[in-house]
Amino acid sequence: LKVWDAKMAQRLSKAYDDVENFENGFTAHYLTLINQTDSGIPKITKGAKQKAAALDAQWEALNAEATALKSAIKTFNSACFNAGVGILTLQ
């Protein structure tokens, strides 16, 4: 879960000047694209379309990892339940 979360969001930055020290996660790149194209009269450039396509492809891989994690969590929960230990909940 920590590895997948680190790909999605960068949580190491503590101050605004830390941004140079840590690579942003997927969500930051996607939000930047949205902000770049958001205006009263939005102009979607060829570069923005290409970046969106690249991020969508990256999301497909990240989403596949999330689906696999859900399966792993269910297996983990079953093993914990059988051992009499509390479990994780999926939202």
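Which residues does W59 touch, not counting residues up to four places away in sequence? Keep that in mind while you get your bearings, and remember that what you have on screen is a predicted model.

**Stop 1: the whole chain**

Switch to a cartoon view first. The chain has 91 residues, and 15% of them count as buried. Now think about contacts between residues with a separation of 6 or more: 34% of those in this chain link residues 24 or more positions apart.

**Stop 2: W59**

Select W59, which sits in helix α3. Here's the reply to the opening question: W59 touches M8 and F26, once you set aside residues up to four places away in sequence. M8 and W59 are 51 residues apart along the chain, yet their C-alpha atoms are separated by 9.4 Å. Is W59 buried or exposed, or something in between? With a relative accessible area of 29%, W59 is partly exposed.

**Stop 3**

Before you look at the rings, here is the tally: the model has two aromatic pairs. One of them is F26 with Y30, a tilted pair with 5.5 Å centre to centre and 55° between the planes.

Y30 comes out at 26%, so Y30 counts as partly exposed.

Now bring W59 back. F26 and W59 form a stacked aromatic pair, with 6.0 Å centre to centre and 25° between the planes. Why is this pair worth a look in terms of the chain? F26 belongs to α2 and W59 to α3 (residues 46-83), so the pair ties together parts that are 33 residues apart in sequence. Show the three side chains together: F26, Y30 and W59 form one aromatic cluster.

**Stop 3: α2 against α3**

Two packed helices are described by the angle between their axes and the distance between the axes. For α2 and α3, the axes come within 11 Å and cross at roughly 155°. That angle is over 145 degrees, which makes α2 roughly antiparallel to α3. The crossing is left-handed.

To see the contact itself, select F26, H29, Y30, L33 and T37 on the α2 side. On the α3 side, pick A48, K51, A52, L55, D56, Q58, W59 and L62. Colour this set by residue type, and the contact divides into eight nonpolar, three polar and two charged residues. Notice that all three members of the aromatic cluster, F26, Y30 and W59, turn up in this contact too.

**Stop 4: I34**

For a last stop, select I34, which is also in helix α2. How accessible is I34? Its relative accessibility is 42%, so I34 counts as partly exposed.

Conventions:
Residues numbered from 1 in each chain as written. Predicted model: local features only at pLDDT ≥ 70, side-chain atom pairs only at ≥ 80, totals over all residues. Heavy atoms only, no water. Phe/Tyr/Trp six-rings, centres within 6.5 Å; stacked < 30°, edge-to-face > 60°. Buried < 20%, exposed > 50% of the residue type's maximum accessible area, 1.4 Å probe, protein only. Helix = DSSP H or I, 4+ residues; strand = E, 2+ residues; numbered from the N terminus. Axes fitted to C-alpha atoms, helices over the stretch in contact; angles between N-to-C directions. Parallel < 35°, antiparallel > 145°, perpendicular 65-115°, else oblique. Left-handed = near helix turned anticlockwise from the far one by under 90°. Contact = heavy atoms within 4.5 Å. Nonpolar A, V, L, I, M, F, W, Y, C, P; charged D, E, K, R; others polar.
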